[in-house]
Amino acid sequence: MLERVTDSYTSDMRWKGRRQSDNIEDRRGMSAGGLVVGGGVGTIILAIVITLLGGNPGDLLNSPAVSGGGQQGQYQPSPEEEERKEFVSVVLADTEDVWKEQFQSIGRTYQEPTLVLFSGRVESACGMASAASGPFYCPADDNVYIDLSFFNELQTRFGAPGEFAQAYVVAHEVGHHVQNQLGTSDQVQAARQRMSEAEYNRLSVRLELQADFYAGVWAHHTQRMKNVIQEKDIADAIRAAEAIGDDRIQMESQGYVVPDGFTHGTSEQRVRWFLKGWKSGDMRQGDTFKVADRDL
């Protein structure tokens with residue numbers, strides 16, 4: 001277990017001046033009115049609270065009153081947020097370079113996703129989502145959605161500062177896009193119809209851990225291709241993965257752990273699969289669906 005760092009910790013990831021992706025759609029400041037894959041830690045916490053109060057956690061993403069969005073034209077991003085926009089654009093460009101190469105190696109063509117920036121709440125092909133859901137991927141429109149304010153919470157609330165912690169979050173959501181491209185997401189959704197909630201939760205954990213693995217594969221090949229990742233950067237990603245493990249979030253939010261309620265994996269599992277991808281760089285080693293429960 002790595003020691004938690006202070007908020008003043010900064011990453012050495014070299015990103016400034018590098019290519020930014022053109023696949024950015026900026027909806028910040030726009031008012032907004034399915035399935036969400038890879039919902040963030042905010043969704044998990046709120047869903048737990050809603051369940052404990054006797055409500056339906058499925059209503060969380062479809063409620064238009066979850067969070068207020070600003071009116072178009074009134075939104076004024078801070079210089080810090082604009083820098084974060086540039087940063088995630090560079091990270092997205094790196095994912096494009098890596099996954100284009102990786103798909104070519106298996107005889108496939110990689111279709112690039114769009115990263116949608118929003119503030120407050122957003123309408124996706126998977127339904128309404130709020131900033132409370134954290135970053136998420138919608139397989140119905142091939143978009144990754146991020147409210148950049150989530151990175152403040154990642155640093156101050158979850159003790160995961162550093163730019164590469166943010167890069168890990170983006171790479172994880174793009175990992176869900178890779179799963180969608182390869183047909184894994186469709187297989188999981190088809191199986192969902194035949195399962196109890198507890199059984200599907202276990203399948204969801206495997207889906208999320210594979211996305212963590214793909215984030216590690218991305219980091220491996222980004223370093224190989226561009227030599228921009230430092231040792232401290234990997235420590236940032238590890239801290240982020242630890243911070244958003246189901247066991248840690250449940251313990252902090254309700255004081256006890258319910259393994260049947262896990263949907264993303266424990267802190268230890270998330271770190272282990274990210275590091276496996278980082279060390280191997282081999283996307284073929286990430287079939288979490290063929291691993292026994294005890295080996296996850």
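The model is predicted, so local features need pLDDT of at least 70 and side-chain atom pairs count only at pLDDT 80 or more, while totals for chains, interfaces and linings use all residues. Residues are numbered from 1 along each chain as its sequence is written, and side-chain values use heavy atoms, with hydrogens and water left out. The protein has 9 helices and 6 strands. Helices (H or I, at least four residues) and strands (E, at least two) are DSSP runs, numbered from the N terminus.

**Burial and surface**

- Of the 296 residues in the protein, 54% are buried.
- Buried means under 20% relative accessible area, exposed means over 50%, and partly exposed lies in between (1.4 Å probe, protein chains only).
- The protein exposes about 12,900 Å², and carbon and sulfur atoms supply 47% of this area.
- Accessible areas come from the Shrake-Rupley method with a 1.4 Å probe; for residues, only the protein chains shown count as cover.

**Helix 6 with helix 9**

- Two packed helices are described by the angle between their axes and the distance between the axes.
- Helix 6 spans residues 197-226 and helix 9 spans residues 267-280; their axes come within 6 Å and cross at roughly 35°.
- Axes are lines fitted to C-alpha atoms, for helices over the stretch in contact, and angles run from 0 to 180 degrees between N-to-C directions.
- The crossing of helix 6 and helix 9 is right-handed.
- A crossing is right-handed if the near helix is turned clockwise from the far one by less than a right angle, and left-handed if anticlockwise.
- Helix 6 contributes V205, L209, D212, F213, A215, G216, V217, A219, H220 and Q223 to the contact, and helix 9 contributes Q269, R270, W273, F274, K276, G277, W278, K279 and S280.
- The residues of this contact between helix 6 and helix 9 divide into 9 nonpolar, 6 polar and 4 charged.
- Contact means heavy atoms within 4.5 Å.
- Ala, Val, Leu, Ile, Met, Phe, Trp, Tyr, Cys and Pro count as nonpolar, Asp, Glu, Lys and Arg as charged, and the others, Gly among them, as polar.

**Helix 7 with helix 9**

- The axes of helix 7 and helix 9 come within 8 Å and cross at roughly 150°.
- Helix 7 also passes helix 9 in a right-handed crossing.
- On the helix 7 side the contact involves I234, A237, I238, A241 and E242, and on the helix 9 side S267, R270, V271, F274, L275 and W278.
- The residues in the contact of helix 7 with helix 9 divide into 8 nonpolar, 1 polar and 2 charged.

**G245, between helix 7 and helix 8**

- G245 lies in the loop between helix 7 (231-243) and helix 8 (246-254).
- G245 counts as buried because its relative accessibility is 0%.
- Apart from neighbours within four places in sequence, G245 is in contact with G265, T266, S267 and R270.
- G245 and T263 are 18 residues apart in sequence, and their C-alpha atoms are 9.4 Å apart in space.

**Positive phi in loops**

- D142 is found in the loop between strand 5 (136-138) and strand 6 (143-146).
- Phi of D142 is near 60°, a positive value in a residue other than glycine.
- D142 is partly exposed, with a relative accessible area of 28%.
- N227 sits in the loop between helix 6 and helix 7.
- Phi of N227 is near 50°, again a positive value in a residue other than glycine.
- At 46% relative accessibility, N227 is partly exposed.

**N143 in strand 6**

- N143 is found in strand 6 and is buried, with a relative accessible area of 8%.
- The side chains of N143 and Y145 are joined by a polar contact of 3.2 Å.
- A polar contact is a pair of N or O atoms within 3.5 Å; within protein, one must be able to donate a hydrogen and the other to accept it, and residues adjacent in sequence count only if both atoms are side-chain atoms.
- Not counting residues up to four places away in sequence, N143 touches R27, T114, V116, F136, Y137 and C138.

**V188 in helix 5**

- V188 lies in helix 5 (residues 184-192) and counts as buried at 3% relative accessibility.
- Leaving aside neighbours within four places in sequence, V188 is in contact with Y200, L203, L207 and F289.
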